[in-house]
Amino acid sequence: RFQASMENFETTHVEESKLSVTFCSNVLKVCTKNGFFLEGKQVHSYIIKSGFDYQQSLLNQLLNLYLKCRDFEDGVNLFDEMSIRNVVSWNIMISGCGYNMAFDGNQSLLLFKRMLFDKVEPNYITFVSLLSSCIEFYDVGSGKQLHCFITKYSFSNNHVVCSVLIDLYGKCGLVEEARRLFDRTLPKDLVLWNVMVSCYTLNSLGEEALGVFELLRSDGLKGDDFTFSSLLCSCGIIGFGDLGKQIHGLIIRLSFDMDILVSSALIDMYVKNDNILDARKIFDGMTTRNVVSWTTMVVGYGRQGDGKEAMQLLKDMLRGYLSPDELTIASILSSCANIAAINEIGQVHSHATKKGLESFLSIGNALINAYSKCGSLAGAFQSFNSICKPNLITWTSIIGAYAFHGLPRRAIEIFEEMLSKGAEPDRLAFLGVLSACSHGGLVSEGFYYFGSMTNDHQLVPGLEHYACLIDLLGRAGHLDRAYDILENMPIEPGANVLGAFIGACKAHGNVRLAILAAEKLFKLEPEDSMSYTLMSNSYAFVGRWIDVARVRKLMRDRCDHKVPGCSWIEIGAKVHTFVSSDKSHPQATELYNMLELFASPGEGLSIQRRVSGLDSGNIVYYLNEFPSSLYHQQHFQRYHIIYTRK
């Protein structure tokens, strides 16, 4: 329609010698707003042909068109050819740097220097554009220099400039500087209050954010959707669920509960405070939902490990003709992985491929983790190969997958391949390869990579890396060497390090060293039942039952009720969960009886009792080879038993 109107204008004005300046200005506004770049270039030709290329306003609009339509080369040429460049021209050029990903933050600052050299005085829009560039690149140093210019040109009390400057300080972690500027700015409008609340929220200072909100209310303001969204985010960060409910009541009283942004923030707040029921009530009560609200609810079920409900939400979302984005898909994959729902993961994978979302790194990485947790190493590797440009998370995920499945050599090969392609490993990547060495008993390789962290990549090993190293030595039987490392660590050993050492002592029957480590562990975490369980198991391993009883009594006296281990099986695409000594499920006893009935020792099926409550689901079945009789039992074929861990 736009093309037809242009042709109609040509025909109508064929006898006229000049185009209307007003018409050209209006057309350029439409072209810039809707991205009609080719038509905009036609208007540029008309302007030159008609002799209006001296009009400053038209040239500025043309410059804006070229920059917003990403034709930076022609935009820069037009800017350089302008005989007169006013402050609007410079502002358009400075803000245009943000549209070009090839430009860095220094480009806009260089333009600002040229602007001052040409003796063009900046206005508040100039500083807003420059500060926005600093925010994008987290360049707080340049922001502080601009703060000096802002004071020099008397914009210190401009609310727009101060809001952007506070936002810069907040996003760069300079909360005190942001608060000082906020306190000096008078009078304060709602935007300024909101930015200060957001500043505290971004830096996980929820109580301070709530304090600013109280000052806002005392100043006679009510707040808006942005205010309440930031406050609810603060309640989610600091875990103030009760306070979040009070804010929810205020939101209802001020009639903000129908706002999509506020409702999504409410869902997120309840989810982060582990109140999934109230989150679902908010979600079900929303009259209008967008992708953000759906994704927030999906992420909530993902945090709860409820992959089935997350999948149901995806189905409902698709029925509502909404297309899930990459965050939604990645969240569903993560929640399904928590319960090893391999069928659902395959369905989500197919949907992502169909919609062209498989190319997103977040989805590719989530697929690797999901398939790995479900025992499908082939699926994880296929997802890894489908990623054109893997990032560090991708490499770390596939290394961890091979380490988790007991293929340490392959994990090391992937790690070396990552290094050969120029990727710089971080602490998590080294943790993956050290874990692989630990599970595979590769002592020399483990020490090599542990030393490479500091020597080659200037990374300081953390507690988790020392835990892997001690576990590696413990599995190999080098307990004295592991204890020396434990004693000479540059940092105080944590519970995971001591627990790994005690576990190794138990495996090799060295109670003496286990007792030395347990004394430290009891002092470090006197109320953690796992510490006492480790020591009790060590005594039980060598038959010291009196000491077992003594440690168990200490655990009962000092610790809260121990959370039982959890296992699950998937039957007919439905996941059934069991805890220790759980006899509530009607098929719990039936499943064990069938296994015991169909298998005989001669057929290679051994059932080992690992915990009390044989029919509880907390049994590990070692299937050396399936007896042929199992393949012919119709009742047994109903059960699909998957590998589970506590």
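A: The count comes to 17 salt bridges, where a salt bridge is a side-chain nitrogen of Lys or Arg within 4 Å of a carboxyl oxygen of Asp or Glu. Side chains of opposite charge can pair when their charged atoms come close. This is a predicted model, in which local features need pLDDT of at least 70 and side-chain atom pairs count only at pLDDT 80 or more, while totals for chains, interfaces and linings use all residues. Residues are numbered from 1 along each chain as its sequence is written, and side-chain values use heavy atoms, with hydrogens and water left out.

One of these pairs joins D268 and K272, whose side chains meet with 3.2 Å from N to O. Both residues belong to helix α16 (residues 260–272), where they stand four residues apart, or about one turn of the helix; helices here are DSSP runs of H or I with at least four residues, strands are E runs of at least two, and both are numbered from the N terminus. D268 is partly exposed at 24% relative accessibility, and K272 is likewise partly exposed, at 30%. For these words, buried means under 20% relative accessible area, exposed means over 50%, and partly exposed lies in between, with a 1.4 Å probe and protein chains only.

Another salt bridge links R319 and D316, at 2.7 Å from N to O. These two residues are three places apart in helix α19 (residues 307–319), and therefore about one helical turn separates them. R319 counts as exposed, with 54% relative accessibility, whereas D316 is partly exposed at 25%. E417 and K421 also form a salt bridge, here with 3.4 Å between N and O; E417 is partly exposed at 28% relative accessibility, while K421 is exposed at 58%. Beyond such pairs, R280, D284 and E309 are joined in a network of salt bridges.

Some of these residues fall within spans that a record annotates.

L186 and P187 are joined by a cis peptide bond with omega of about -10°, and P187 sits in the loop between α11 (175–184) and α12 (190–202). In the loop between α16 and α17 (276–285) lies D274, which has a positive phi of about 60° although it is not a glycine; D274 is exposed, at 57% relative accessibility. Q458, in the loop between α27 (443–455) and α28, also has a positive phi without being a glycine, of about 50°, and it is exposed at 60% relative accessibility.

Helix α28 (residues 463–475) contains E464, a partly exposed residue with a relative accessible area of 30%. E464 and G494 are 30 residues apart in sequence, but their C-alpha atoms are 8.7 Å apart in space. Setting aside neighbours within four places in sequence, E464 is in contact (heavy atoms within 4.5 Å) with R427, L431 and N496.

How far can such detail be trusted along the chain? The confidence score to consult is pLDDT, the predictor's confidence in each residue from 0 to 100. The mean pLDDT of the chain is 81, and 83% of its residues reach 70 or more. Over residues 598–646, however, the pLDDT is below 50, although this stretch has 88 contacts in the model beyond near neighbours in sequence. Residues 14–19 also stay under 50, and the model has eight contacts for them beyond four places in sequence. Where pLDDT is low, the predicted coordinates should not be read in detail.
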